[in-house]
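Subject: Handing over the structure, with notes

Dear colleague,

Please find the structure below, followed by some notes on what was found in it.

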Amino acid sequence: MPDHELDEAFELGRACALAAECGRDLRRCAQMYRGLFPAAAFNADDYSALTLSMAFSAPWATAARLKVANRAALWVLAVDRLVDHTATTREQVNRLTSECLSVADGAVPRSAVTRFLADLRDELATVKEFDGLRWLWRDQLARMLAGMARAWVWRDTRTVPTLDGYLDNADSRGSCFVDVSHWIYTADDWAKAHLDELRPVSWRVQRYLHLLGDVASYRRDMSWGDLNVLALGVSRAEVTDAMAELAREAAGLIEPVRARSPRTAVYLRRQIGFNAGFVGISGYGPAR
């Protein structure tokens with residue numbers, strides 16, 4: 001076997017082993033926060049999708065360094081289920097949003113979902129930069145929760161947003177919240193000092209993942225009554241074109257980052273590449 005093939009095989013094997021190690025941590029989390037992750041709603045594919053995405057996006061990292069990103073992504077899935085499939089009134093959605101934001105501000109958690117968030121907040125607080133970046137983390141959390149609430153209202157009122165309006169609500173996917181959490185916890189000094197500049201890059205990647213996830217989960221979303229871009233009167237060809245344009249725009253925004261924070265740039269590019277490839281084979285939507 002040529003050396004480059006051996007090196008490539010080694011890297012693939014290492015990333016898979018890293019994902020497996022991270023998966024054990026997520027399964028422990030699911031057991032800790034009982035009630036948030038019922039077996040009927042969460043299975044092995046959910047945990048594998050999260051940890052594989054992160055392991056292949058940052059294969060140089062250790063499981064300890066990926067802990068916050070993976071846990072943040074798992075927490076997003078839990079909140080998404082509560083909003084999409086548990087809340088039956090706007091008041092319930094608003095209460096969940098208010099409780100989460102209060103805990104982000106330091107309040108004592110009163111439920112499993114806010115206890116998980118508080119533990120995530122406290123782990124981030126072990127990083128010295130968190131004091132100065134907490135406002136940004138909280139702001140992205142608020143954007144995500146507002147996006148989920150807006151999507152809930154669209155479903156409840158049977159509102160059909162335009163494609164642009166739907167993409168403007170991509171914060172509901174939560175991938176930027178995961179990125180911000182990950183970067184605060186483990187990014188290099190330049191990235192931590194420029195997170196407010198990196199967020200627009202993450203938002204562009206998030207829009208791409210938003211559409212990619214809908215394409216992958218169309219049948220499931222229709223069976224559950226969830227929102228999906230393909231149910232908005234938008235053709236598959238239009239969605240494909242929009243995804244191609246978003247990928248080009250994201251690449252253009254990522255490239256200037258490469259000279260200042262190479263691993264941040266690689267991480268963002270791999271988020272697109274891994275999820276596109278994973279969905280192409282598995283049909284399973286991208287990890288949040």
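Does Cys-100 count as buried or exposed? Cys-100 has 0% relative accessibility and therefore counts as buried, where buried means under 20% relative accessible area, exposed means over 50% and partly exposed lies in between, with a 1.4 Å probe and protein chains only.

Before going further, please note that this is a predicted model, in which local features need pLDDT of at least 70 and side-chain atom pairs count only at pLDDT 80 or more, while totals for chains, interfaces and linings use all residues. Residues are numbered from 1 along each chain as its sequence is written, and side-chain values use heavy atoms, with hydrogens and water left out.

The cysteines

If a disulfide is taken as a pair of cysteine sulfur atoms within 2.5 Å, the count comes to 0 disulfides. For Cys-29, the closest cysteine sulfur belongs to Cys-22 and is 11 Å away, which is too far for a bond. Cys-100 is likewise in no disulfide, since its nearest cysteine sulfur, that of Cys-29, is 16 Å away. Cys-29 is buried, with a relative accessible area of 2%, and Cys-22 is also buried, with a relative accessible area of 3%.

Cys-22 is found in helix H1, residues 3-32; helices here are DSSP runs of H or I with at least four residues, numbered from the N terminus. Although Cys-22 and Ala-63 are 41 residues apart in sequence, their C-alpha atoms are 5.5 Å apart in space. If residues up to four places away in sequence are not counted, Cys-22 touches Thr-51, Ala-63, Leu-66 and Asn-70, where contact means heavy atoms within 4.5 Å.

How the helices pack

The angles below are taken between axes, which are lines fitted to C-alpha atoms over the stretch in contact, and they run from 0 to 180 degrees between N-to-C directions. Angles under 35 degrees count as roughly parallel, over 145 as roughly antiparallel, 65 to 115 as roughly perpendicular and the rest as oblique. A crossing is left-handed if the near helix is turned anticlockwise from the far one by less than a right angle, and right-handed if clockwise.

The axes of H3 (residues 63-86) and H5 (residues 112-124) come within 10 Å and cross at roughly 155 degrees, and H3 and H5 are therefore roughly antiparallel to each other. Their crossing is left-handed. Among the residues that meet are Val-68, Trp-75 and Leu-82 in H3 and Phe-116, Leu-120 and Leu-124 in H5. By class, the residues of this contact are 11 nonpolar, no polar and 3 charged, where Ala, Val, Leu, Ile, Met, Phe, Trp, Tyr, Cys and Pro count as nonpolar, Asp, Glu, Lys and Arg as charged, and the others, Gly among them, as polar.

The axes of H4 (residues 90-104) and H5 come within 9 Å and cross at roughly 25 degrees, which makes H4 roughly parallel to H5. This crossing is right-handed. Cys-100 is one of the H4 residues in the contact, and the H5 residues there include Val-113 and Leu-117. The contact of H4 with H5 has 7 nonpolar, 1 polar and 2 charged residues.

H10 and H12 cross in a left-handed way. The residues that meet include Val-201, Tyr-208 and Leu-212 in H10, together with Met-243, Leu-246 and Ile-254 in H12. This contact has 17 nonpolar, no polar and 4 charged residues.

Where does Arg-158 lie? Arg-158 is in the loop between H6 and H7 (163-168), and its phi is near 55 degrees, a positive value in a residue other than glycine. Arg-158 is exposed, with a relative accessible area of 76%.

Ala-146, found in H6 (residues 130-157), is partly exposed, with a relative accessible area of 33%. The C-alpha atoms of Ala-146 and Asn-94 are separated by 9.1 Å, while the two residues are 52 residues apart along the chain.

Thr-186 has its place in H8, residues 175-186, and is buried, with a relative accessible area of 15%. Not counting residues up to four places away in sequence, Thr-186 touches Arg-65 and Lys-192.

Key: Helix = DSSP H or I, 4+ residues; strand = E, 2+ residues; numbered from the N terminus.
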